[in-house]
Amino acid sequence: MRRYAGRRLLQLVPVFFGATFLIYAMMFALPGDPIRALFGERPIPESAVSILRERYHLDDPLPVQYGKYISGVLRGDLGEDFRGREVAQIVAERFPVTLRLTGIAFVFELVLGLLAGLVAALRRGSFLDSLVLVSTTAVISIPVFVLGYTAQLVVGVELGWLPVAGIRDGWPSYVLPGMVLGATSLAYVARLVRASLAENLRADYIRTATAKGLSRRRVVGRHALRNSLIPVVTFLGTDLGTLMGGAIITEGVFNVPGIGRAIFDAVGQQENPVVVGIVTLLVIAFMVSSLIVDLCYALLDPRIRYD
Amino acid sequence: MTEANLARDAWLELRRNPKFLVSGVLILLIVVIAIAPQRFTSILPYDCSLSEHFLGRPSPGHPFGFDTLGCDYYTRVLYGARTSVSIGLLTVIGATLIAAVGGSISGYYGGVIDTVVTRVTDVWFAIPTILGGIVLLSALRRRGIGEVALVLTALGWPAMLRLMRSAVLSAAQADYVNAARALGAGDLRIMRRHILPNAIAPVVVYATIFVGIAISAEAALTFLGIGLQPPAISWGLQLEAAEDRLLTAPHLLLFPGLFLSATIFSFILMGDALRDAFDPKLR
């Protein structure tokens, strides 16, 4: 197990440097001069430009710039944006908002997804099963922003049940955006639970457990469900990263000031340090969660360790 | 006697699947609309009258009403199909080509080539699609169908390549491949005649679903203001315009949203039906 964990950890190193370098290079290649953009139409003294370019290493070639940046990141320094604000500060302000949003989305998709999948698998071929199948396909098909506006219009404006936008109302204002953000993943969880539970319910060990005289509830809950959760755990791990990416759109629709909005604004303003800083954090979060999932997976299923 | 093969079995299975029938009819309809929108409406998409029809509600002859420029919305929504379908198909063709070539070479030869291809794929895979799309598209001054499809291809191939690689990997170890090699078949022939036909099924399934994903991604990026630009006619642009008038003119959201979702739905459902048909375990 330790060797397996070590190998997986080593595999992450090139992915980390590669992905951050790619984003850095993309931002580097954007047309326009970020320093001049900072001043808008106003004339700027050349000396100020050269001081700023010097300070942000803008005249170095790409590999050198990236090297300086990434060595800072490895020392825990995300640098500062072109207005002199610490990127770490921006992240610290925005991240809790997105975390709350993804937290609600996560709980929502886990609880409802499990329930829907369970019901569908236990009553295969029934009306409820078809309902789950059709509705999950429909939810997957509706783009998040269409779903968001529809939810805003119906639940927020027509019914007036939940706050429509912003985060002034505290926790309740996160509920609607959180549910919209988690809706697609909820559909995936439901289908995954349904498929793997339906397959496991036909397995020999389930017949054995039933033949031993265990109650239906115990057979399903202890024997079938546990084994069916392995693929669900995998999905949920990679899904954390997907949710944070999806937050870019959801936060835009619901006017939630999280990291998604911060990234979007920063790309528009060519604030390369902010974009690269947040993306780097997202990539790290994505990698760590997929690593944890892989390790859990290896614990749950010993066959993988010896691969 | 006819040859029994996977494609034939799959076809027999497909014909009886209601998912296939529903999605097939829908896709056919959307593609016909995309090819010849003028068959379904007598009005031209740029034939607009701001003074007469600004935000007009649905009325006889104009079932979807009018948009913010006084254009017939039904016509505009129909013409939007071509944009979405083109981007979806172009993206899938591009990503499938990269995946087929890269995945075959990587899975068949293994060794150093495989390690390099897998690592590069992992790196690209770690970049979230919408995020990468925002950054890449910001770099382009002119963003038409080709540019958006190119960016989506650049971000979409890793998932498909992984799929192709693992399919080739398992097909390459089969006995019939060894048999073909013992008979003196060259690498290219083995790959083309023996491995590809047996490894292509999961890729076809994912490619079908991916058409829907690409269409959805285009709409999302355009909606964010960094995808297609006017005067292009696209559901993403229509939804972006609907954003500001959500309360006063909800029909602006409803119709393109409906068409967009139905298009994505039909491709995802078709992928589902294909998966049912190609996966013998489910029979």
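Chain B of this predicted model is built from eleven helices and zero strands, so that, read along the sequence, its pattern is α-α-α-α-α-α-α-α-α-α-α. Chain B touches chain A, with 31 residues of chain B in contact with 36 residues of chain A. The points below take up chain B, then the side that it turns to chain A, and finally some local features of both chains.

**Chain B as a whole**
- The C-alpha trace of chain B spans about 75 × 50 × 25 Å when it is taken along its principal axes.
- Of the 283 residues in chain B, 45% are buried.

**Where chain B meets chain A**
- The contact between the chains brings together 31 residues of chain B and 36 residues of chain A, and on the side of chain B that touches chain A at least two residues each come from helix H5 (111–125), helix H6 (129–138), helix H9 (187–223) and helix H11 (251–278) of chain B.
- H11(B) gives the most to this side of chain B, with eight residues.
- Sorted by class, the side of chain B that touches chain A holds 24 nonpolar residues, together with five polar and two charged ones.

**A cis peptide bond in chain B**
- The peptide bond that leads from B:Pro230 to B:Pro231 is cis, and its omega is near 10°.
- B:Pro231 belongs to the loop between H9 and helix H10 (235–243) of chain B.

**Helix H5 of chain A**
- Helix H5 of chain A, which covers residues 87–122, has 36 residues and reaches 50 Å from its first C-alpha to its last, a span close to the 52 Å expected at 1.5 Å a residue.
- H5(A) has a kink of about 35° at A:Arg94, shortly before the proline A:Pro96.

**A:Asn255 and its loop**
- A:Asn255 has a positive phi of about 55°, although this residue is not a glycine.
- A:Asn255 is placed in the loop between helix H10 (216–254) and helix H11 (259–268) of chain A.
- A:Asn255 counts as partly exposed because it has 13 C-beta neighbours inside 10 Å, whereas a residue would be exposed with 12 or fewer and buried with 20 or more.

How values were computed
Residues numbered from 1 in each chain as written. Chains lettered and ligands numbered in written order. Predicted model: local features only at pLDDT ≥ 70, side-chain atom pairs only at ≥ 80, totals over all residues. Helix = DSSP H or I, 4+ residues; strand = E, 2+ residues; numbered from the N terminus. Expected span 1.5 Å × (residues − 1). Bend = angle between axes of the 7 residues up to and from the residue. Contact = placed C-beta atoms within 7 Å. Nonpolar A, V, L, I, M, F, W, Y, C, P; charged D, E, K, R; others polar.
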